Amino acid sequence: MLALFALSTLFTIFFWRSALRLRHTVAQICFGLLCGGAAGNLFDRLIHGYVIDFLDFHFGSYTYPTFNIADASICTGMFAYIVWSLRQPDSP
């Protein structure tokens, strides 16, 4: 089910790229991170049946949730796109 969601997200971004203002370099980088992360997790799901998370950090007694580079790319890309889009002037 999650593999189908990732695949549909990638297709949606591809077909809505002009509405998402992906002509700008910053937006292209943001969505490149998002799509790369989604594709990486999709690849893991199709090959292994699950996503391989390998970054596990501990801060004293606190254990941060385990994640991978693809997860970090998705979060970074979306955060950067939201910040960038909020700073853009309104279109006429």
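**Helix packing and the nonpolar core**

The crossing of H2 and H3 is left-handed, a term used where the near helix is turned anticlockwise from the far one by less than a right angle, with right-handed used if clockwise. The model is predicted, with local features needing pLDDT of at least 70 and side-chain atom pairs counted only at pLDDT 80 or more, while totals for chains, interfaces and linings use all residues. Residues are numbered from 1 along each chain as its sequence is written, and side-chain values use heavy atoms, with hydrogens and water left out.

Helices (H or I, at least four residues) and strands (E, at least two) are DSSP runs, numbered from the N terminus. The axes of H2 and H3 lie 7 Å apart, and the two helices pack at an angle of about 155°. H2 is therefore roughly antiparallel to H3; angles over 145 degrees count as roughly antiparallel, under 35 as roughly parallel, 65 to 115 as roughly perpendicular and the rest as oblique. Axes are lines fitted to C-alpha atoms, for helices over the stretch in contact, and angles run from 0 to 180 degrees between N-to-C directions.

On the H2 side, the contact (heavy atoms within 4.5 Å) is made by Val26, Ala27, Cys30, Phe31, Leu33, Leu34, Gly37, Ala38 and Asn41. H3 contributes Ala70, Asp71, Ser73, Ile74, Thr76, Gly77, Met78, Ala80, Tyr81 and Trp84. By class, the contact of H2 with H3 has 13 nonpolar, five polar and one charged residues. In this classification Ala, Val, Leu, Ile, Met, Phe, Trp, Tyr, Cys and Pro count as nonpolar, Asp, Glu, Lys and Arg as charged, and the others, Gly among them, as polar.

Helix H1 (residues 2–15) also packs on H2, with axes that come within 9 Å and cross at roughly 150°. H1 and H2 are therefore roughly antiparallel to each other, and H1 passes H2 in a left-handed crossing. Leu2, Ala3, Ala6, Leu7, Leu10 and Ile13 of H1 meet Phe31, Leu34, Cys35, Ala38, Ala39, Leu42, Arg45 and Leu46 of H2. The contact of H1 with H2 comprises 13 nonpolar, no polar and one charged residues.

The largest nonpolar core has eight residues, namely Ile13, Leu22, Ala27, Cys30, Phe31, Leu34, Tyr81 and Trp84. Such a core is a set of buried Ala, Val, Leu, Ile, Met, Phe, Trp, Tyr and Cys residues joined through side-chain atoms within 4.5 Å. Buried means under 20% relative accessible area, exposed over 50%, and partly exposed in between (1.4 Å probe, protein chains only). Helix H2 (25–48) and helix H3 (69–86) each supply at least two residues of this core, and the largest share, four residues, comes from H2. Cys30 touches Gly77, Ala80 and Tyr81, not counting residues up to four places away in sequence.

Met78 is placed in helix H3 and, at 29% relative accessibility, counts as partly exposed. Ala72 and Ala39 are 33 residues apart along the chain, and their C-alpha atoms are separated by 13 Å.

Tyr64 is located in the loop between strand S2 (62–63) and H3. Tyr64 is partly exposed, with a relative accessible area of 40%. Leaving aside neighbours within four places in sequence, Tyr64 is in contact with Asp56, Phe57 and Phe59.
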